[in-house]
Amino acid sequence: MKIGEFAQRVGVGIDTVRYYERQGLLPLPMRQLSGYRRFETKDVARLQFVRRAKSLGFTLAEIRELLALLGSRGSDMAGVKAATTQKLADVEAKLAELAHIRDLLQMLLDSCPGRGAVESCPIVNALEGEKHMSGPHPLEKPSDGTTAPQRSCCSAARTCETQDAASAVDPICGMQVNIETTQHHAEQAGVGYYFCSAQCRQQFLDSGAPAAR
(Lines give C-alpha, C1' and ligand atoms only; values in the text may rest on other atoms or scores of the structure.)
Protein backbone atom coordinates (compact mmCIF):
# COMPACT_ATOMS: atom_id res chain seq x y z
CA MET A 1 0.00 0.00 0.00
CA LYS A 2 1.13 3.56 -0.63
CA ILE A 3 1.82 6.02 2.15
CA GLY A 4 -1.58 7.73 1.83
CA GLU A 5 -3.50 4.48 2.27
CA PHE A 6 -1.14 3.41 5.04
CA ALA A 7 -1.65 6.65 6.99
CA GLN A 8 -5.42 6.40 6.54
CA ARG A 9 -5.55 2.84 7.86
CA VAL A 10 -3.70 3.84 11.02
CA GLY A 11 -5.57 7.11 11.40
CA VAL A 12 -2.64 9.53 11.18
CA GLY A 13 -1.39 12.10 8.74
CA ILE A 14 1.28 11.44 6.14
CA ASP A 15 3.64 13.83 7.93
CA THR A 16 3.24 11.75 11.10
CA VAL A 17 4.27 8.61 9.24
CA ARG A 18 7.37 10.37 7.92
CA TYR A 19 8.15 11.71 11.40
CA TYR A 20 8.06 8.22 12.92
CA GLU A 21 10.28 6.99 10.12
CA ARG A 22 12.85 9.69 10.96
CA GLN A 23 12.66 8.70 14.63
CA GLY A 24 13.48 5.09 13.78
CA LEU A 25 10.11 3.78 14.96
CA LEU A 26 9.18 2.60 11.48
CA PRO A 27 11.55 0.80 9.14
CA LEU A 28 12.24 2.45 5.81
CA PRO A 29 9.64 1.00 3.44
CA MET A 30 10.43 -0.80 0.24
CA ARG A 31 10.03 1.19 -2.96
CA GLN A 32 8.14 0.12 -6.02
CA LEU A 33 9.68 0.35 -9.49
CA SER A 34 7.75 3.58 -9.91
CA GLY A 35 9.59 5.02 -6.90
CA TYR A 36 6.60 5.06 -4.58
CA ARG A 37 7.14 3.73 -1.08
CA ARG A 38 5.29 0.52 -0.30
CA PHE A 39 4.03 -0.33 3.17
CA GLU A 40 2.91 -3.73 4.40
CA THR A 41 0.36 -5.00 6.92
CA LYS A 42 3.09 -5.52 9.54
CA ASP A 43 3.91 -1.81 9.27
CA VAL A 44 0.31 -0.99 10.18
CA ALA A 45 0.54 -3.17 13.29
CA ARG A 46 3.87 -1.59 14.24
CA LEU A 47 2.59 1.96 13.96
CA GLN A 48 -0.55 1.07 15.92
CA PHE A 49 1.74 -0.31 18.63
CA VAL A 50 3.65 2.98 18.65
CA ARG A 51 0.50 5.07 18.94
CA ARG A 52 -1.00 2.94 21.72
CA ALA A 53 2.24 3.00 23.70
CA LYS A 54 2.42 6.75 23.25
CA SER A 55 -1.15 7.12 24.54
CA LEU A 56 -0.03 5.33 27.72
CA GLY A 57 2.67 7.91 28.27
CA PHE A 58 5.71 6.11 26.88
CA THR A 59 8.24 8.44 25.31
CA LEU A 60 9.54 7.79 21.80
CA ALA A 61 12.85 6.61 23.25
CA GLU A 62 11.04 4.15 25.52
CA ILE A 63 8.88 2.92 22.63
CA ARG A 64 12.02 2.40 20.60
CA GLU A 65 13.40 0.20 23.41
CA LEU A 66 10.16 -1.78 23.57
CA LEU A 67 10.28 -2.37 19.85
CA ALA A 68 13.87 -3.52 20.16
CA LEU A 69 12.80 -6.04 22.80
CA LEU A 70 10.02 -7.29 20.54
CA GLY A 71 12.41 -7.63 17.64
CA SER A 72 15.07 -9.47 19.63
CA ARG A 73 14.78 -13.22 19.32
CA GLY A 74 14.55 -14.96 22.68
CA SER A 75 13.75 -11.78 24.63
CA ASP A 76 12.04 -12.25 27.98
CA MET A 77 8.89 -10.37 28.96
CA ALA A 78 10.67 -9.14 32.10
CA GLY A 79 12.04 -6.17 30.18
CA VAL A 80 8.59 -5.12 29.03
CA LYS A 81 7.19 -5.49 32.54
CA ALA A 82 10.04 -3.46 34.01
CA ALA A 83 9.47 -0.65 31.51
CA THR A 84 5.74 -0.64 32.23
CA THR A 85 6.35 -0.66 35.99
CA GLN A 86 8.60 2.39 35.66
CA LYS A 87 6.01 4.14 33.50
CA LEU A 88 3.32 3.49 36.10
CA ALA A 89 5.59 4.99 38.76
CA ASP A 90 6.11 8.04 36.55
CA VAL A 91 2.35 8.46 36.11
CA GLU A 92 1.73 8.14 39.86
CA ALA A 93 4.39 10.78 40.52
CA LYS A 94 2.70 13.11 38.03
CA LEU A 95 -0.67 12.50 39.68
CA ALA A 96 0.83 13.34 43.08
CA GLU A 97 2.29 16.53 41.63
CA LEU A 98 -1.08 17.50 40.14
CA ALA A 99 -2.78 16.80 43.48
CA HIS A 100 -0.20 19.02 45.18
CA ILE A 101 -0.88 21.83 42.69
CA ARG A 102 -4.63 21.40 43.20
CA ASP A 103 -4.22 21.68 46.99
CA LEU A 104 -2.05 24.79 46.64
CA LEU A 105 -4.61 26.46 44.40
CA GLN A 106 -7.40 25.60 46.83
CA MET A 107 -5.33 26.94 49.71
CA LEU A 108 -4.77 30.22 47.92
CA LEU A 109 -8.47 30.52 47.07
CA ASP A 110 -9.46 29.81 50.68
CA SER A 111 -7.09 32.49 51.98
CA CYS A 112 -8.40 35.22 49.65
CA PRO A 113 -11.45 37.24 50.78
CA GLY A 114 -12.17 38.26 47.18
CA ARG A 115 -12.45 41.96 47.92
CA GLY A 116 -10.20 44.83 48.91
CA ALA A 117 -6.95 46.23 47.53
CA VAL A 118 -5.02 43.87 45.29
CA GLU A 119 -1.78 44.51 47.21
CA SER A 120 -3.49 42.89 50.20
CA CYS A 121 -4.45 39.79 48.24
CA PRO A 122 -2.92 36.67 49.84
CA ILE A 123 -2.67 35.04 46.42
CA VAL A 124 -0.53 37.88 45.10
CA ASN A 125 1.52 37.96 48.30
CA ALA A 126 2.22 34.23 48.10
CA LEU A 127 3.34 34.56 44.49
CA GLU A 128 5.53 37.60 45.23
CA GLY A 129 7.59 35.84 47.85
CA GLU A 130 8.94 35.73 51.35
CA LYS A 131 8.56 39.42 52.21
CA HIS A 132 4.88 38.84 53.00
CA MET A 133 5.21 35.79 55.23
CA SER A 134 7.22 33.93 57.81
CA GLY A 135 8.38 30.34 57.63
CA PRO A 136 8.78 28.29 54.47
CA HIS A 137 7.14 29.52 51.30
CA PRO A 138 3.96 27.46 50.71
CA LEU A 139 4.54 27.25 46.95
CA GLU A 140 8.05 25.82 47.23
CA LYS A 141 8.85 22.15 47.61
CA PRO A 142 10.91 21.15 50.66
CA SER A 143 14.60 20.93 49.76
CA ASP A 144 15.10 17.63 51.58
CA GLY A 145 12.53 15.84 49.44
CA THR A 146 10.02 15.42 52.26
CA THR A 147 6.33 16.04 51.83
CA ALA A 148 5.17 19.60 52.39
CA PRO A 149 3.36 20.07 55.72
CA GLN A 150 -0.42 19.95 55.59
CA ARG A 151 -0.63 23.39 57.19
CA SER A 152 1.63 25.12 54.71
CA CYS A 153 -1.37 27.22 53.71
CA CYS A 154 -0.95 29.20 56.92
CA SER A 155 2.37 30.54 55.70
CA ALA A 156 0.50 32.33 52.91
CA ALA A 157 -1.60 34.40 55.32
CA ARG A 158 -0.99 38.12 55.04
CA THR A 159 0.71 39.49 58.15
CA CYS A 160 -1.65 41.98 59.78
CA GLU A 161 -0.85 45.61 59.28
CA THR A 162 -3.32 47.30 61.62
CA GLN A 163 -3.13 47.74 65.38
CA ASP A 164 -6.55 46.18 65.91
CA ALA A 165 -5.50 43.02 64.09
CA ALA A 166 -2.13 42.75 65.80
CA SER A 167 -3.42 40.30 68.40
CA ALA A 168 -5.36 38.13 65.96
CA VAL A 169 -3.41 34.88 65.78
CA ASP A 170 -4.54 31.68 64.12
CA PRO A 171 -4.86 29.17 67.02
CA ILE A 172 -4.08 26.27 64.71
CA CYS A 173 -0.81 27.44 63.17
CA GLY A 174 0.14 30.58 65.11
CA MET A 175 0.14 32.82 62.05
CA GLN A 176 -1.19 36.34 62.38
CA VAL A 177 -4.34 37.06 60.40
CA ASN A 178 -6.06 40.20 59.21
CA ILE A 179 -9.44 40.30 60.98
CA GLU A 180 -10.60 43.11 58.69
CA THR A 181 -10.51 40.93 55.60
CA THR A 182 -10.72 37.32 56.74
CA GLN A 183 -14.05 35.53 56.56
CA HIS A 184 -12.73 32.62 58.60
CA HIS A 185 -13.68 33.02 62.25
CA ALA A 186 -15.29 30.92 64.99
CA GLU A 187 -16.07 31.17 68.70
CA GLN A 188 -15.21 28.84 71.57
CA ALA A 189 -16.17 29.43 75.19
CA GLY A 190 -17.07 33.01 74.40
CA VAL A 191 -13.71 33.75 72.80
CA GLY A 192 -13.53 34.76 69.15
CA TYR A 193 -10.85 33.12 67.02
CA TYR A 194 -9.68 34.20 63.60
CA PHE A 195 -7.98 31.98 61.03
CA CYS A 196 -5.74 32.58 58.06
CA SER A 197 -7.68 30.11 55.90
CA ALA A 198 -10.82 28.00 55.73
CA GLN A 199 -8.65 24.92 56.20
CA CYS A 200 -7.41 26.01 59.63
CA ARG A 201 -10.91 27.11 60.63
CA GLN A 202 -12.29 23.71 59.68
CA GLN A 203 -9.58 21.93 61.66
CA PHE A 204 -10.56 24.06 64.64
CA LEU A 205 -14.24 23.15 64.25
CA ASP A 206 -13.45 19.47 63.68
CA SER A 207 -11.57 19.43 66.98
CA GLY A 208 -14.87 19.90 68.83
CA ALA A 209 -15.39 23.65 68.95
CA PRO A 210 -18.97 25.00 69.18
CA ALA A 211 -20.74 26.32 66.11
CA ALA A 212 -19.16 29.24 64.31
CA ARG A 213 -20.72 32.65 64.65
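I take contact to mean heavy atoms within 4.5 Å. The model I am reading is a predicted one.

**Entry 1: surroundings of F6**

I looked up the contacts of F6, setting aside its neighbours within four places in sequence. The list consists of M1, V17, L26, F39, D43, V44 and L47. I then turned to the helix that holds F6: the buried residues of α1, which spans residues 3–10, are I3, F6, A7 and V10. Viewed down the axis of α1, these buried residues fall within an arc of 95 degrees, so they line one face of the helix. I next asked what covers them, and found that the cover includes α2 (14–22), β2 (37–38) and α3 (41–55). Just after α1, I noted that G11 takes a positive phi of about 90 degrees.

**Entry 2: packing of α1 and α2**

I examined how α1 packs with α2 and recorded an angle of about 95 degrees, the two axes being 9 Å apart. Angles of 65 to 115 degrees count as roughly perpendicular, and α1 is therefore roughly perpendicular to α2. On the α1 side the contact is made by I3, G4, F6 and A7, and on the α2 side by I14, V17 and R18.

As general background, nonpolar side chains tend to be buried together in soluble globular proteins.

**Entry 3: salt bridges**

How many salt bridges does a search of the whole structure find? I recorded four. In general, side chains of opposite charge can pair when their charged atoms come close.

I began with α2. D15 forms a salt bridge with R18, with 3.9 Å between the closest N and O atoms. Both D15 and R18 lie in α2, three residues apart, which is about one turn of the helix. I checked the accessibility of each partner. D15 has a relative accessibility of 59% and so counts as exposed, whereas R18, at 35%, counts as partly exposed.

I then moved to α5 (residues 78–111). There D90 is bridged to K87, the closest N and O atoms lying 3.8 Å apart. D90 and K87 both belong to α5 and are three residues apart, about one turn of the helix. Is K87 buried or exposed? Buried means under 20% relative accessible area, so K87, at 7%, counts as buried.

Lastly, I looked up D103, which forms a salt bridge with R102 at 3.3 Å between the closest N and O atoms. D103 is partly exposed, because its relative accessible area is 43%. R102 has a relative accessible area of 54% and is therefore exposed.

Definitions and conventions:
Residues are numbered from 1 along each chain as its sequence is written. This is a predicted model: local features need pLDDT of at least 70, side-chain atom pairs count only at pLDDT 80 or more; totals for chains, interfaces and linings use all residues. Side-chain values use heavy atoms; hydrogens and water are left out. Buried means under 20% relative accessible area, exposed over 50%, partly exposed in between (1.4 Å probe, protein chains only). Helices (H or I, at least four residues) and strands (E, at least two) are DSSP runs, numbered from the N terminus. The arc is that of the directions from the helix axis to the C-beta atoms. A salt bridge is a side-chain nitrogen of Lys or Arg within 4 Å of a carboxyl oxygen of Asp or Glu. Axes are lines fitted to C-alpha atoms, for helices over the stretch in contact, and angles run from 0 to 180 degrees between N-to-C directions. Angles under 35 degrees count as roughly parallel, over 145 as roughly antiparallel, 65 to 115 as roughly perpendicular and the rest as oblique.
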